[in-house]
Amino acid sequence: MLGSRRDPLLAHRFLVECEGLLVAGFQEVSGLELSLEVEEVVEGGVNELVHRLPKGVKAGTLVLRRGICRAELWEWFDRIRRALSFQGPLEVRTLYLVMLDEGGQEALRLAVTGAYPVKWTGPELKADQSGVALESLELVYTGVERV
């Protein structure tokens, strides 16, 4: 008796949702990573042994890229920038990265928690090319959870 085959999810079938701020189709999402930082400790009297002890978890920098069509990404970054100038509250959000299966149904949902923008990049404008004008937003975040 043969079992059912489960193919891996395809990287081009995804959505990004953001707590009422936007639901947008992005061309590219990168920087989704968590790494365990370690501290190296040399044991006194045992010179040939170095212990590597866990220190904490470090999250990456999420980069969202898409064609410019609305101003939500710029406006979020601008609110953060203005909050720093006037000592206002930091607008932290939870983003959801949703991977879809071959039928377009939700197969995996990841919550990127404690996210806020740290860099907005506008399009490269070139008169000799007819490509889509892309913008990107870099976000720092505190964690990733499967929901």
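Predicted model: local features only at pLDDT ≥ 70, side-chain atom pairs only at ≥ 80, totals over all residues.

Reader: Is Trp120 buried, exposed or partly exposed?

Author: Residues are numbered from 1 along each chain as its sequence is written, and side-chain values use heavy atoms, with hydrogens and water left out. Buried means under 20% relative accessible area, exposed over 50%, and partly exposed in between (1.4 Å probe, protein chains only). Trp120 has a relative accessible area of 28%, so Trp120 is partly exposed.

Reader: How many aromatic pairs are there?

Author: The rule takes rings of Phe, Tyr and Trp (its six-membered ring) whose centres lie within 6.5 Å; planes under 30 degrees apart are stacked, over 60 edge-to-face, and the rest tilted. By that rule, the count is 2.

Reader: What sort of pair do Trp74 and Phe77 form?

Author: These two are 3 residues apart in helix 1, which means about one helical turn separates them. Helices here are DSSP runs (H or I, at least four residues), as are strands (E, at least two), numbered from the N terminus. Trp74 is partly exposed at 33%, while Phe77 counts as buried at 17%. Their rings sit 6.1 Å centre to centre with 45 degrees between the planes, and the pair is tilted.

Reader: And what about Trp74 and Trp120, which geometry do they have?

Author: The centres of Trp74 and Trp120 are 5.0 Å apart, with 70 degrees between the planes, so by the cut-offs the pair is edge-to-face. Trp74 is in helix 1 and Trp120 in strand 8, so the pair ties together parts 46 residues apart in sequence. Trp74, Phe77 and Trp120 form one aromatic cluster, and the geometry you asked for is edge-to-face.

Reader: Which residues have the most contacts inside the largest nonpolar core?

Author: In soluble globular proteins, nonpolar side chains tend to be buried together. A nonpolar core here is a set of buried Ala, Val, Leu, Ile, Met, Phe, Trp, Tyr and Cys residues joined through side-chain atoms within 4.5 Å. The largest one has 20 residues, and those with the most contacts inside it are Leu62, Trp76, Leu95 and Leu139.

Reader: Beyond its neighbours within four places in sequence, what is Ser136 in contact with?

Author: Ser136 lies in strand 9 and is buried, with a relative accessible area of 8%. Contact means heavy atoms within 4.5 Å. With those neighbours set aside, the partners are Val63, Leu64, Arg65, Lys119, Trp120 and Thr121.

Reader: Last one: how do the residues lining the largest pocket divide?

Author: About 210 Å³ of space lies in that pocket, and the residues lining it include Arg6, Asp7, Leu100 and Ala107. In this scheme Ala, Val, Leu, Ile, Met, Phe, Trp, Tyr, Cys and Pro are nonpolar, Asp, Glu, Lys and Arg charged, and the others, Gly among them, polar. The lining divides into 5 nonpolar, no polar and 5 charged.

Conventions
1 Å grid on protein atoms, 1.4 Å probe; cavity = no way out; pocket = protein on both sides within 12 Å on 5 of 7 lines; lining within 4 Å. Points joined across faces, edges and corners; volume = space filled by probe spheres on them.
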